[in-house]
Amino acid sequence: MALYSDWQRPSYVLTRTFKVGTAATTVTFDERAAKKTGIRVDDTTATRGSSAVWISVPGGGLAGFAGSGADKVYVTPFS
């Protein structure tokens, strides 16, 4: 999993499934596979004030976050 955010640019949470073996391997993350995040509400006049995504680890620790304010945030779908 890769998470990054650059000031005044879109933020990304990118995932890729791969196998850990005995030989070195290169894992490539593709921004083009990411989907824009959003929250849909019934009120058509509502606007988003801020957004962020984060990665948490077991025990509630925070591994990192991306996005703030009006930043666009994109995430690769995963489960």
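The model is predicted, so local features are reported at pLDDT of at least 70 and side-chain atom pairs at pLDDT 80 or more, whereas totals for chains, interfaces and linings use all residues. Residues are numbered from 1 along each chain as its sequence is written, and side-chain values use heavy atoms, with hydrogens and water left out.

Begin by selecting strand S2, residues 11-14, where strands are DSSP runs of E with at least two residues, numbered from the N terminus. Ser 11 and Val 13 point one way from the strand, while Tyr 12 and Leu 14 point the other way, and all are buried, a term that stands for under 20% relative accessible area with a 1.4 Å probe and protein chains only.

Ala 2 stands opposite Leu 14 of S2. Six residues lie between the strands of this hairpin, and Gln 8 there takes a positive phi near 60 degrees.

Next, show S6, residues 73-75, which runs parallel to S2 and is joined to S2 by three bridges. Here Val 73 is the bridge partner of Ser 11.

Move on to Thr 76, in the segment after S6. Is Thr 76 buried or exposed? Thr 76 is buried, because its relative accessible area is 10%. Residues up to four places away in sequence not counted, Thr 76 touches Val 13, Leu 14, Thr 15, Ala 33 and Ala 34, contact being heavy atoms within 4.5 Å.

Then select Asp 71, in the loop between strand S5 (62-66) and S6. Asp 71 is also buried, with a relative accessible area of 17%. Apart from neighbours within four places in sequence, Asp 71 is in contact with Arg 9, Ser 11, Arg 48 and Ser 51.

Finish at the largest pocket, with a volume of about 430 Å³; a pocket is an open set of points on a 1 Å grid over the protein atoms alone, where a 1.4 Å probe fits, with protein on both sides within 12 Å along at least five of seven lines, and lining residues have an atom within 4 Å of a point. The volume is the space filled by probe spheres set on the points, which are joined across faces, edges and corners. Of its 17 lining residues, Thr 37, Gly 38, Ile 39, Arg 40 and Arg 48 are the closest to the centre.

Methods. Helices (H or I, at least four residues) and strands (E, at least two) are DSSP runs, numbered from the N terminus. Buried means under 20% relative accessible area, exposed over 50%, partly exposed in between (1.4 Å probe, protein chains only). Two strands pair if DSSP finds at least two bridges between them.
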